[in-house]
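Please go through the model below with an eye on confidence, fold, core and cavities. The report that follows keeps to computed values.

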Amino acid sequence: MYRSPTALKTKLALIASTLLAPVSSVFASDGVVLKSNDLVGISFWFISMALVASTVFFFMESLRMAGKWRTSVVASGLVTLVAAVHYFYMRDVWVATGSTPTVYRYIDWIITVPLLMAEFYLILSAITKVPGGVFWRLMIGTIAMLVFGFAGEAGLLNVTVAFILSMLGWIYIIYEVFAGEASKISASKATPGVQSAFKTMRLIVTFGWAIYPIGYVLGYLVGNDPTASANSLNLIYNLADVVNKIGFGLIIWAVASRETEASTGK
Amino acid sequence: MYRSPTALKTKLALIASTLLAPVSSVFASDGVVLKSNDLVGISFWFISMALVASTVFFFMESLRMAGKWRTSVVASGLVTLVAAVHYFYMRDVWVATGSTPTVYRYIDWIITVPLLMAEFYLILSAITKVPGGVFWRLMIGTIAMLVFGFAGEAGLLNVTVAFILSMLGWIYIIYEVFAGEASKISASKATPGVQSAFKTMRLIVTFGWAIYPIGYVLGYLVGNDPTASANSLNLIYNLADVVNKIGFGLIIWAVASRETEASTGK
Amino acid sequence: MYRSPTALKTKLALIASTLLAPVSSVFASDGVVLKSNDLVGISFWFISMALVASTVFFFMESLRMAGKWRTSVVASGLVTLVAAVHYFYMRDVWVATGSTPTVYRYIDWIITVPLLMAEFYLILSAITKVPGGVFWRLMIGTIAMLVFGFAGEAGLLNVTVAFILSMLGWIYIIYEVFAGEASKISASKATPGVQSAFKTMRLIVTFGWAIYPIGYVLGYLVGNDPTASANSLNLIYNLADVVNKIGFGLIIWAVASRETEASTGK
Amino acid sequence: MYRSPTALKTKLALIASTLLAPVSSVFASDGVVLKSNDLVGISFWFISMALVASTVFFFMESLRMAGKWRTSVVASGLVTLVAAVHYFYMRDVWVATGSTPTVYRYIDWIITVPLLMAEFYLILSAITKVPGGVFWRLMIGTIAMLVFGFAGEAGLLNVTVAFILSMLGWIYIIYEVFAGEASKISASKATPGVQSAFKTMRLIVTFGWAIYPIGYVLGYLVGNDPTASANSLNLIYNLADVVNKIGFGLIIWAVASRETEASTGK
Amino acid sequence: MYRSPTALKTKLALIASTLLAPVSSVFASDGVVLKSNDLVGISFWFISMALVASTVFFFMESLRMAGKWRTSVVASGLVTLVAAVHYFYMRDVWVATGSTPTVYRYIDWIITVPLLMAEFYLILSAITKVPGGVFWRLMIGTIAMLVFGFAGEAGLLNVTVAFILSMLGWIYIIYEVFAGEASKISASKATPGVQSAFKTMRLIVTFGWAIYPIGYVLGYLVGNDPTASANSLNLIYNLADVVNKIGFGLIIWAVASRETEASTGK
């Protein structure tokens, strides 16, 4: 299986450096510790640890939520859990190769983005009966957005065509939460607290998520030098995920906490 | 124990590459990262992470379920837990050898499939008294299906004979849930929600599980080139398990959630 | 500390192969994956994973049990937890050396067997006041059985003498649960469900545990070739532990579940 | 990727020694075990283990707290959890390089210090309605303190200017909790127990936190030999964190416990 | 950092053997498995696993305890958790160097012994109001005992002087629980169950803890050959900790269980 000792050594070095990357990111290639001005590295550290803390927070806090509100907070914890695992891997790859393969972000998104969209359905379901169609339309828009985006990156589709189709999926989601049935249920049946959370969440989906197609355009359509912009792109993605994953989850936690107290008098 | 340094190195390389495979799958044999168009590798990543998230979800959510419904949801979590561990191992072997040894899928099945069949019994038991015979008949059919299937693969029995005996086990299970005592109890005593879940679950057992004997036929009876079809077979198996393990568990979670709210008014 | 590179390499190889054995058991000595007909290896895999799943099951389910029944189910989870850890080690040693050193089974037994005996006391205590003497007599018999058995294996006592003394400990336990105070309390004060569990548990202690002295006799007294029978002995031990540890725990779980529902109306 | 075997070896050695540092700190550079008079090493061991124990304690205890008090105790556990992870890394770096890179303490602080400040808001929110402005003013002061402090260390700002701006953030926090709205809410609406906790917490923020700017001054402004003082500085920081993180958390746990008992009669 | 390959190899070997010691303790220096008559090694295995099982038991069981009794049982779990981690490290060092450096036992003691003393305060607080002075006097005596003991070992104080001062701390604790305020509160206000537990706990502090100064005298004052007695001393310490940590915790668990049932009728 391993033809030459050299190949083996190279393989082992690659494996070891990847496995140990959470640690070795401390040591730059010249063996010195993480520099205080390596902002990308620090942002990877920060988001990884913040995701771990958020995950524990959401799971622990879910235990005091009433009924279906608990499910919403557990889902917030699943988003940060899956993201935390992928961020540890991405930090590894970033250290070993100097760039983050977008494939990891896609595997993360294929799990976390549907969970985030499901939250719109879950918080409405916690207070009223919501038709299943709302859930499935949000899912279809989300999956279209992800699958066409990925198809463009993977070269299975023309990148411009893929980009447009992916954007249509995103626009469909935005339509649903701003003017579709989900929006109407929120406006007519939700408590003021849930309505407020619903509004903030759809702002995040609109403006917070805009960071990802912008990155896609910069990386694939405009034709920038990807090496040069990799650092700043990673920094922006990492900080965007603080809002889009942790902040999004905290909004749900806050409304779940408020509604639980209102319904149980505790 | 280790006669020569070469043997030792080979052994260590094999061990290391296997242990580190969850990481090294990022690196193809030529040292580049997971390609965006390696759909089999991505499907292994996706199912592994989705199983981890499902396991956490089922265990966290089980805590808010009433009485025996909790047991059903815990059992769903056990299925995804055991599958998650085996999928991490299978991804390892897939990377190290380029094919997934079916022995891992069998060890997974020998634990998860009886758990899945037990769910039919558990959800009926949560609402009414169910004779133990229903449980044991489902178990016997399941174990026959698995043991004969394995005996065929392991060469302990003629593959065609083993296939037929295994199919009989499966058909017996299908009979029990469509026309046997389990089916009758569901039809006569279950709430509409439980009946609906029962019906969806037996459709999964019929059509979702059909993927496994089809794989068996392609691999052992028809005589296809196994190397050529290994990739597509793994892709199909991985996606099938999303339905057969995670989807199956979500049906149980949904009915447990609905029935818990109905019975406790929460 | 390490005089020569060779000694070091040998040491490291031993350590590495042991540590990595859960993985490397996949690879036989010639570097191929676990063969589908290596039933001993498959049984080690199966029991390890089944113990992990059982442990999670007992701990999760304990949370819905009332009062002292919870303690019984937690104790079942401790038995499978301790056994799971030791089985992972034993699988390691089995791979590295081709035989399972009985010392591991003894360390496992010295913790799990008293826990199993304590279950007789715990399930009776959950329904009535039980004199502490019952607990201590069961412990004394258990510890005598284990200590003399171990003394024989370790060469601290003549094997035949040790065997007889160890058997006396076992017979004393069997006497206590069939005709002693524990048995009388069960017959006079326990509910039908507890009585039934008590009876099944003592059958396991009688017939399920008989597998261990039979192994002792075959290995130490009869003088069989230990290498030849190691494989079949391990296979028998592994399958026996499915009944003696997981099955035993499931009986306690079932009665705890039934009694909890009876007492709380849930 | 790895041009020479020497570079590879050096890299691997660095990685290995870092990864294994929790263990290897036992062995000084000459291969002997941790000396009984290496107080810095012992303090790293002690604080790491004490943080682990505190984290488990806060999470377990949070489960018996009523309503919002639970959130306060969970937040205490998050502080010690994040600190524990970073302390394990810092111990590693301390062993590998003989000094603790302040960058780790900053990543720790950017997560834990806002959490500590949020506790002032959380304990007041547990008993009365608190304007969101209190929360945001505490956050702004905290983040100014951290960001300017870091900018000075990283050379992004003149160290003296950065120091002054950072101090202003700290003074603003102290003003808020001693004379601002938070202080007034505590004085007018809090129970005696909460008032007492509030007072002790602000003393810790004033005097306990003073240790960090003192270290900053010694390290960056006064111009001491950093190598000579690194040991004593680490010892002081480690012991300060026992008070500032574990002690701070215990105050919140104590008041949460008292108020829970008062409100539930348990 | 690593001047020569030899130094690197030695370092790595030391690190690896330490990290892997939980496993490698199976293999004696000549590469054979743990011998059945190596009682010290077996006692290290046994106490490590027993501490893990105890920790899980105390945490799981704490969840069914009422109010402050839960805190007492959680504290028992913290004692065994911290001890378990240190025992895994000590087993490592014992394997790598053939002796257990007392520094580990001291780091363990500095966390676990105050927790054990706090239990006297916690079980009294669970049933009545106890002045804070009781807590602080127990802490002061405990810390004096530990700090002076350590100062003697570390050569910071004359060993005889340190021994006497340490003994005074211990005697002060014993006075407090036999004749001081803690004792009086127990005698006048505690239920019979708590009084009985209190009495057993102080017997453990008196006689069970006597093992540690005896070891100190043998090792430092009498002048025995430390190498010769290291084995027996470790065996005695390991078995003593079964009583002083696990047994002590079980007494608290038993009284917490009894009092919880008495107060809640469950």
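## Basis and confidence

This is a predicted model, in which local features need pLDDT of at least 70 and side-chain atom pairs count only at pLDDT 80 or more, while totals for chains, interfaces and linings use all residues. Residues are numbered from 1 along each chain as its sequence is written, chains are lettered from A and ligands numbered from 1 in the order in which they are written, and side-chain values use heavy atoms, with hydrogens and water left out.

The model scores ipTM 0.84 and pTM 0.87. Chain A has an average pLDDT of 81, pLDDT being the predictor's confidence in each residue, from 0 to 100. In that chain, 78% of the residues reach at least 70. Residues 1-33 of chain A stay under 50. The model still has 71 contacts beyond four places in sequence for this stretch, a contact meaning heavy atoms within 4.5 Å. Where pLDDT is low, the predicted coordinates should not be read in detail.

## Fold of chain A

Chain A has 11 helices and 0 strands. Both are DSSP runs numbered from the N terminus: helices are H or I with at least four residues, strands E with at least two. From the N terminus on, the order is α-α-α-α-α-α-α-α-α-α-α.

Of the 266 residues in chain A, 58% are buried. Buried means under 20% relative accessible area, exposed over 50%, and partly exposed in between, with a 1.4 Å probe and protein chains only. Among contacts in chain A between residues at least 6 apart in sequence, 76% join residues at least 24 apart.

## Nonpolar core

The largest nonpolar core holds 390 residues. Such a core is a set of buried Ala, Val, Leu, Ile, Met, Phe, Trp, Tyr and Cys residues joined through side-chain atoms within 4.5 Å. Which residues touch the most other members? They are A:Trp209, B:Trp209, C:Trp209, D:Trp209 and E:Trp209.

Take D:Trp209. Beyond four places in sequence, D:Trp209 contacts D:Val113, D:Leu116, D:Met117, D:Met145, D:Trp170, D:Ile204 and D:Asn244.

## Largest cavity

The whole structure has 4 cavities of 30 Å³ or more. On a 1 Å grid over the protein atoms alone, a cavity is a set of points where a 1.4 Å probe fits but cannot get out; lining residues have an atom within 4 Å of a point. Grid points are joined across faces, edges and corners, and a volume is the space filled by probe spheres set on the points.

H5(A) gives the most, with 4 residues. By class, the lining has 5 nonpolar, 2 polar and 1 charged residues. Here Ala, Val, Leu, Ile, Met, Phe, Trp, Tyr, Cys and Pro count as nonpolar, Asp, Glu, Lys and Arg as charged, and the others, Gly among them, as polar.

## Buried sites in chain A

A:Met65 sits in the loop between helix H3 (39-62) and helix H4 (67-97) of chain A. Is A:Met65 buried or exposed? A:Met65 counts as buried, at 4% relative accessibility. Beyond four places in sequence, A:Met65 touches A:Arg70, A:Val73, A:Trp253, A:Ala256, A:Ser257 and A:Thr260. A:Arg258 is 193 residues away along the chain, yet its C-alpha atom is 9.4 Å from that of A:Met65.

A:Leu122 belongs to helix H5 of chain A. At 17% relative accessibility, A:Leu122 is buried. Beyond four places in sequence, A:Leu122 contacts A:Thr71, A:Ser72 and A:Ala75. A:Val93 is 29 residues from A:Leu122 in sequence, but 35 Å away C-alpha to C-alpha.

B:Met139 lies in helix H6 (residues 132-153) of chain B. B:Met139 is buried, with a relative accessible area of 10%. The C-alpha atoms of B:Met139 and B:Met117 are 7.1 Å apart.

E:Ser186 is in helix H8 (residues 181-189) of chain E. E:Ser186 counts as buried, at 3% relative accessibility. Its contacts beyond four places in sequence are E:Leu124, E:Gln195 and E:Phe198.

Notes: 1 Å grid on protein atoms, 1.4 Å probe; cavity = no way out; pocket = protein on both sides within 12 Å on 5 of 7 lines; lining within 4 Å.
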